[in-house]
Amino acid sequence: MKGDIRIHGNSSLVLFAPNNPNEVAASDLNKTWVVKPYARKNDGTMATIRNVTLKSFARLEKAPRCTTNHSVAAVIFSDWGYCGNYWHDFNDVLVPLFITTRKFNGEVQFLVTQKRDWFFSKYQPIISGLSKYEVIDFDKEKQVHCYPKAILSLYQHKDFSIDPAKPPYGLSMVNFTKFIREKYSLEKDFAVQIGENPWRKPRLLIIGRKHTRVLTNIDKVISMAEELGFEVVVDDLNRGPYVQEAARVVNPCDVMMGVHGAGLTNIVFLPMNAVVIQIVPLGKLDQLFYDEFGVPSRDMNLKYLQYEILEEESTLIDLYPRDDPIFTDPMSIHKRGWLELSRVYLQQQNVKLDLVRFRPVLEKAMNFLRQ
């Protein structure tokens, strides 16, 4: 929107009149929209998102008076929904917020409905990198704030990534990760090139999950990786609100590997040309997990390898008979809904890698770094 925009957060109301009514389609004037300003659409969580009502007029003759005037743009969004899950924090809010607001070069103010204070504290370097202004708690705001431009809700292109061919055009995931490295003061922009630095061992970070989808033979994986020439670091990367600490562990690394989970979201801190290895547990989840981390990795200019385990590498074989549908017909488990699928394949399952089968994956990662 561009024109006379009046926002009364406490009543979840946005009023809009264009500077020149002739520049707006007549069908878009004197109209009301009800918007849930959360980027993840077509999902059950949308029921939890507060409605914001937008009304458009040719002129705001009877609108409430402005109590605070602003000269910058406004962006209204929610950080509710699935936020609190690390991957969803980036997928549902931070990447869409970057897509929507980067063009303003900080000259934009955020008005947040269902605002969670911890979110803005946890991701303060990103938030302050996108806006120079105080974040307004939309729901508590009783004043009428007036802006010359505003965007209600956020753009989202695809899972955890950016499509340069979609508006606002030209942004990419490489732009996003460069922005992230700058805001977190990360020094390493490119992974090691072994050909130019033959004396340097590439650093491999293994995400050491502790509760679910645990890599049960991690010690043997470490030994094999060291034998192949890697310097190995093991870390669960769970730093709670202290994202900067996780970023400092990840950025010096050249390869990151882990069983599917939110910890892989930390690929945003890797240097370009680093290698990501995602281990996919049983459950016919390979395409979903590729979309969540494989596509974004490649969009970040990272090398990506996906290792899909066999039944013998899953601890589910210790819990269920081999003729159970869990093994013979995973799609029948999918049909029972996400909660059942998650219970079986994400909560009950750990992984014991077949070292002979997995070794070529590490060798390929090493070869990527030689290119």
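Because the model is predicted, local features need pLDDT of at least 70 and side-chain atom pairs count only at pLDDT 80 or more, whereas totals for chains, interfaces and linings use all residues. Residues are numbered from 1 along each chain as its sequence is written, and side-chain values use heavy atoms, with hydrogens and water left out.

Side chains of opposite charge can pair when their charged atoms come close. The structure holds 23 salt bridges, a salt bridge being a side-chain nitrogen of Lys or Arg within 4 Å of a carboxyl oxygen of Asp or Glu. One of them joins lysine 140 to aspartate 137, with 3.9 Å between the closest N and O atoms. Lysine 140 is exposed, at a relative accessible area of 64%; here buried means under 20% relative accessible area, exposed over 50%, and partly exposed in between (1.4 Å probe, protein chains only).

Another salt bridge pairs aspartate 299 with lysine 158, at an N to O distance of 2.9 Å. This pair links distant parts of the chain, 141 residues apart: aspartate 299 belongs to helix 7 (residues 286-299), while lysine 158 sits in the loop between strand 9 (145-152) and helix 4 (173-183). Helices (H or I, at least four residues) and strands (E, at least two) are DSSP runs, numbered from the N terminus. Aspartate 299 is partly exposed, with a relative accessible area of 23%, and lysine 158 is also partly exposed, with 32%.

Lysine 210 and aspartate 236 form a further salt bridge, at 3.5 Å from N to O. Here too the pair links distant parts of the chain, 26 residues apart, with lysine 210 in the loop between strand 10 (203-207) and helix 5 (218-227) and aspartate 236 in the loop between strand 11 (231-235) and helix 6 (243-250). Lysine 210 counts as exposed at 59% relative accessibility, whereas aspartate 236 is partly exposed at 24%. Both residues take part in a network of salt bridges that links Lys210, Asp235, Asp236, Arg239 and Glu245.

Helix 5 itself deserves a look. Its buried residues include Ile218, Val221, Ile222, Met224 and Ala225. Viewed down the axis of helix 5, the buried residues fall within an arc of 165°, so they line one face of the helix; the arc is that of the directions from the helix axis to the C-beta atoms. An α-helix has 3.6 residues a turn, so residues three or four places apart point the same way. On the other side of helix 5, Asp219, Lys220 and Glu227 are exposed. The buried residues pack against strand 10, strand 11, strand 12 (255-259) and helix 11 (355-370), where contact means heavy atoms within 4.5 Å. After helix 5 comes glycine 229, with a positive phi near 110°.

Some backbone geometries remain to be described. Proline 167 and proline 168 are joined by a cis peptide bond with omega of about -10°, and proline 168 lies in the loop between strand 9 and helix 4. Serine 153 is placed in that loop between strand 9 and helix 4 too. Although serine 153 is a residue other than glycine, its phi is positive, near 85°, and it counts as buried at 8% relative accessibility. Glutamine 114, again not a glycine, has a positive phi of about 60°. Glutamine 114 is found in the loop between strand 7 (108-113) and helix 2 (117-122) and is buried, with a relative accessible area of 14%.
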